[in-house]
Amino acid sequence: MNAGPTPGPRPSATSLSYPERLASTRPGALPAGYRHLRHRVLIGHGRAVLETAGAAITRWRMHRGAGVLITTTADRATVGAAVECALGLGPLRVGAPCEVVWTVDTPERIGFAYGTRAGHLARGEETFLVEMGPDRAVWFTVTAFSRPDRWFARAAGPLLPLAQRMFARRCGRVVARIAARRA
């Protein structure tokens, strides 16, 4: 396990489509000018739940279980890894290129954040994290800031943030189900 959060080398200025790198990983206010998402759900208790959920998040099982087609340059979330999330069905599938910008793997916290790259429907960043508190309760959290980047994403109005909230909830259910089966 790593000793703590790993921001890693700074990607080139042109690789990410937004300037507020790592803003979803810091406590406090998210950047202005974006829609904000914070979703937190209790998924279980104990070290086995934390480790199983952490592996599901960092090894892309959560995404795949939530119905996302994932193509990545790494089998585990690693700073600098390119990630292509594909959402939708058949010819209506939309690619969402991202890059992992942060990871954490400690005895109490496991997760990662990725940021959008050119070609994504939105601009912003999203963090997926599991944390175990002193009471051994394990919480799954999604924290994100984003704004539409393409004309059709802007035209969708409130549908894009609604879809993002639904995805965060689905991820929480998937991680809880995986952790419950393995713990």
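Guide: Happy to! Two rings of Phe, Tyr or Trp, taking the six-membered ring of Trp, count as a pair if their centres lie within 6.5 Å. With planes over 60 degrees apart, a pair is called edge-to-face. Please keep in mind that this is a predicted model.

First, the setting. The protein chain has 4 helices and 7 strands, and along the sequence they run in the order β-α-α-β-β-β-β-β-β-α-α. Of its 183 residues, 49% count as buried.

Now to the rings. By the rule above there are 6 aromatic pairs. One of them joins tyrosine 18 and phenylalanine 145: the ring centres are 5.8 Å apart and the planes stand at 75°, so this pair is edge-to-face. Its two members come from distant parts of the chain, 127 residues apart. Tyrosine 18 belongs to the segment before strand 1 (35–45), while phenylalanine 145 is part of strand 7 (residues 137–148). Are these two residues buried or exposed? Residues under 20% relative accessible area count as buried. Tyrosine 18, at 5% relative accessibility, is therefore buried, and phenylalanine 145, at 0%, is buried as well.

Let us move on to tryptophan 60 and phenylalanine 112. Here the centres lie 5.2 Å apart and the planes meet at 70°, so this pair too is edge-to-face. Tryptophan 60 sits in the loop between helix 1 (47–58) and helix 2 (61–65), and phenylalanine 112 in strand 5 (residues 109–116), so the pair ties together parts that are 52 residues apart in sequence. Both tryptophan 60 and phenylalanine 112 are buried.

Among contacts in the protein chain with a separation of 6 or more, 57% are between residues 24 or more positions apart.

Before we leave the rings, look at two places where a charge meets one. The charged end of arginine 40 sits over the ring of tryptophan 139, at 4.1 Å from the ring centre. Likewise, arginine 147 places its charged end over the ring of tyrosine 34, with 4.2 Å to the centre.

Note on methods
Residues numbered from 1 in each chain as written. Predicted model: local features only at pLDDT ≥ 70, side-chain atom pairs only at ≥ 80, totals over all residues. Heavy atoms only, no water. Buried < 20%, exposed > 50% of the residue type's maximum accessible area, 1.4 Å probe, protein only. Contact = heavy atoms within 4.5 Å. Phe/Tyr/Trp six-rings, centres within 6.5 Å; stacked < 30°, edge-to-face > 60°. Lys NZ or Arg CZ within 6 Å of the ring centre and 35° of its normal.
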